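Keep the 3D view open as you read, and take the points in order.

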Amino acid sequence: MKPLFTILLALLSVFSFNSNAQTTTGNISGKLTMVDGQPLASGAVTLVELAKTTLTDEQGQYTFKNITPGNYTIKIQVLGAAQKDLPVTVIAGQQAIVDYQLPKENVTSLQEVTIPGNKNKFFKKESVYIARLPLKNLENPQVYNSVSKELIQEQVALDLGSISKSVPGAGIPMIANQGRVTFRSRGFETEPNARNGVAGAAFSSIDPVNLERIEAIKGPSTTLFGTSISSSYGGLYNRVTKKPYNDFGGEVGFSAGSWNLNRLTLDVNTPVNADRTALFRLNAANTHQKTFQDQGYTNNLTIAPSFSYQITDRLSLLLDFEFGQEKGTSVVRFNPFTGSGLTQSIVDIGFPYNKTFLGNDLTYSTQMMNIFAQMNYKISEHWTSQTVVSRARSTINGYITALNGRANSTLQPQIIVGNTNFIATDVQQNFIGDFKIGQFRNRLVAGLDYYNNYNDFDRVTVNLPAISFLNPPTNYRVTRFRIDSIATNGGTLRKEKNRDNTYAIYVSDVFNITDNLLAMASLRVDRYQYLGVYNVNTGQTAGGLGANGISAGPYSQNTVSQKLGLVYEVFKDRFSVFGNYMGGFFNRSGQSKDGTPFKPERANQLEFGVKGDLFNHILAGSVSYYDIRVKDILRTDISDTNYSLQDGTRTSRGVEVDLTANPFTGFNILAGYTYNYSVITNANADVNGLRPDGSGPDNMVNFWLSYRLPAGNLKGLGAGFGGNYGSQSYQLNTQTTKVIIPSYTMFDATLFYDQPKYRVSFKVNNLTNEKAWSVRLTPQAPAQFIGSLSLKF
């Protein structure tokens, strides 16, 4: 017993020593909250005398441990808010509590706040990207829609096309041959080319595993975003990525479903250092799926790490990466024969809905790498410096396919084989201020923007003999061996490189005339330099091809664009009326027959409407009317078809409605409606006065109804039901020939059980097996069943 007694005595002595040691120090903890009491995450808190800095966690909490007794100062630094110094006294063995609530609303932090409880969980509008400065939705004279990760999760949306179902007017997505997705916006084709507010184009599929939300910004937006990411006059899509947070946690998920769908996802977050100023997050996904058609599949891998570092209480760094690679077969792209002068529907044409005519060995492979770095420095209470560098690279190898009609019932396979590279670099320096001149508040961003684009093509186009698609030869299939045999000694070769630079300066100011009346004025000056096309075969830089194949050598263009807006908040933070006049442009190369060089094509939008966030977030949304006028469009010179004239015009106007509601606890509604009237004016006779082909349906509806049990033994059990409608549209629309895409109505439903440690869900897409087509006449999938399980930690 004596040895045992000695050991116990020794352990008690050590414990007593440690206890005494612990009582010689104290701790400091506290909580940071917004003006409305919601927790403020990732706020910088500094213990001044010890030069220790930490960040608040998702609940707004922070802690400093083992602090020597004495008097200290807690300094709180939050972007968009004044510095706050708070005295604190540390007593040995005690916990000093220092809480702080921001005295006014902070939009920079507000964008990440989750509306508590069972309120309007799908309404998350606040963003620092839309206006390039912290501006609330009701203060912004521009319309935008936001699809949050909560809605993405509930709808089991595994790709960007599925996410876009919740964006009013997006329509059926067009999937390009490399998995790239394109939407409609106000009658124009629009791509998701923006990432965290700067250029982040990817000529490949983009996995949503690292998305915090999608922002659909409406109308010409060149003034603040430039032509590098303003993919159309209808607007642009901004992909907001998930950021690291100050806590350990994550989720691993698995989904399986129709056509051998297998998808594994990972989201893990952790602080890196003891002070929790360095944070790391990793999102990853691997997806394999076959198509519903007789041939076709995709297999992709995405890895998206991000790292944030609060270097000092004023200086922070964010690094965000996207790496993706995919191997798969091209989706069907059918271009019907147009020489017969008929008006017919794709249904009447009789093209097989379930056939591709292409072998599974005709694959493409893509690799995408996007790098994003942002450094924020808080110069003073009123000014912040923001430096952003973005680098986007996409590489495409393999086979790109199309099926071109050669008669009413025949097609000719066209295969492009080779290598293509797209590399884009965007560097921005912004100065963001929030200050007063006299009694008038100004929120201003002034920036410099440099954008470089480089493209490299090395590929051959092969056209095979035509076949009947109604009665194809037995076991007909286009194979890799057949294409390679022709491409080696024939086909049309494209072996070239091209590049361009854009230099821009912009400024935008939101001026409070009164507390409720705001005016926005923005201006951008662009200098565009097209450096021509280098032909690898000839060794000559002769310029690219302008309109109708006319050579267009290197050239420069200077352009000025504007954005003007007015907002009056009828009820502060509840209801506002707004109007805007915004401009956009695209550079055009070449010259007319008389030698006049072409100038940039331009568009201006006039828009007005209302926005609301009523009854404590129960009802929110916007209603707007817009009118977009495009001028200086190139059209064929009928006196000499080798040249073009630059006097074409186009009009696109319509109404957009976007509403979310929480009529009672647990029940949420999302609904959208768009009407678009588009017409080509002052154009060539074959299309003059007609709706442009590819502009999508003129009427579109989307909705999603969701109910989740808020209490009881089955709390977390819920269901969702939604649908999308699009009216008749055109793949081709001329005075003599029309190819009609029929209207469609598609419904989806989901059942889920969400608990703190796990989530189980079941989804059915296209419940009624509706047949529908994209603007490229790609058949859409019939009913698809998806089961999903996620484990949270």
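1. Start with the largest nonpolar core, which has 29 residues. Within this core, Phe-334, Phe-351, Phe-357, Leu-403, Val-478 and Ile-483 have the most contacts. Please bear in mind that this is a predicted model.

2. Which elements supply this core? At least two residues each come from helix H6 (346-349), strands S25 (383-407), S26 (410-437) and S27 (440-463), helix H7 (480-489) and strand S43 (738-741). S26 gives the largest share, three residues.

3. Next, turn to some strand pairing. Strand S39 (residues 667-681) runs antiparallel to strand S40 (residues 699-708), and nine bridges join them. Phe-667 has Tyr-707 in S40 as its bridge partner. S40 also pairs with strand S41 (residues 717-726), again in the antiparallel sense and over nine bridges; here Ser-706 stands opposite Gly-720 in S41.

4. Finally, there is an open sheet of three strands, in the order S10-S11-S12, with antiparallel pairing. Its edge strands, S10 (174-175) and S12 (188-190), each pair on one side only. Between strand S11 (residues 181-185) and S12 there are three bridges, and Ser-185 stands opposite Phe-188 in S12.

Key. Residues are numbered from 1 along each chain as its sequence is written. This is a predicted model: local features need pLDDT of at least 70, side-chain atom pairs count only at pLDDT 80 or more; totals for chains, interfaces and linings use all residues. Side-chain values use heavy atoms; hydrogens and water are left out. Two strands pair if DSSP finds at least two bridges between them. Helices (H or I, at least four residues) and strands (E, at least two) are DSSP runs, numbered from the N terminus. A nonpolar core is a set of buried Ala, Val, Leu, Ile, Met, Phe, Trp, Tyr and Cys residues joined through side-chain atoms within 4.5 Å. Buried means under 20% relative accessible area, exposed over 50%, partly exposed in between (1.4 Å probe, protein chains only).
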